[in-house]
Amino acid sequence: MRKNMRRLIVPVTCLIFMSLISCEQYIIDLPDVPTDVSYSADVQPIFDANCTACHNGGTDPNLSSGNSYDALIDDGFVDTGDPEASLIYVVLTEGAHASRATDLEKLTILGWIMEGAEDN
């Protein structure tokens, strides 16, 4: 009897686990990463609203208008090969600056990097 019980533990556990993960209450609806992101129209305004009080030339990177694109690209804050590893995105999502931008603003910056981080 014990041997039969042991053989049932794994399949029953798997069935319970599968039923739990298939419940709709556990589905997390993540927002889509924006596409067709313009640096000047979408990304720079995020920096202007949230970052330039400190990052205006005195603290790297300089995120002020007219300087931010070159500072991000030249100083290695952007990695188009692995956008989620880009330092600018990591700092905004995991670092002390995580509360400085909304989730949509963070995703907008990620979308811009994913699209090649163009100066558009």
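The protein has five helices and zero strands; helices (H or I, at least four residues) and strands (E, at least two) are DSSP runs, numbered from the N terminus. This is a predicted model, where local features need pLDDT of at least 70 and side-chain atom pairs count only at pLDDT 80 or more, while totals for chains, interfaces and linings use all residues. Residues are numbered from 1 along each chain as its sequence is written, and side-chain values use heavy atoms, with hydrogens and water left out.

Student: Why is D74 called exposed?

Tutor: Exposed means over 50% relative accessible area, buried under 20%, and partly exposed in between (1.4 Å probe, protein chains only). D74 has 60% relative accessibility, so it counts as exposed. You'll find D74 in helix 3 (residues 68–74).

Student: And what makes A117 buried or exposed?

Tutor: A117 comes in at 2% relative accessibility, so it's buried. A117 sits in the segment after helix 5, and its phi is positive, near 50°, though it isn't a glycine.

Student: Why is D36 worth a look, with its phi of about 55°?

Tutor: Most residues other than glycine have a negative phi. D36 is not a glycine, yet its phi is positive. D36 lies in the loop between helix 1 (2–21) and helix 2, and at 68% relative accessible area it's exposed.

Student: How do you know that the span of helix 5 agrees with what it should be?

Tutor: The expected span is 1.5 Å times one less than the number of residues. Helix 5 (residues 103–114) has twelve residues, so it should span 16 Å, and its end C-alpha atoms are 16 Å apart, which agrees.
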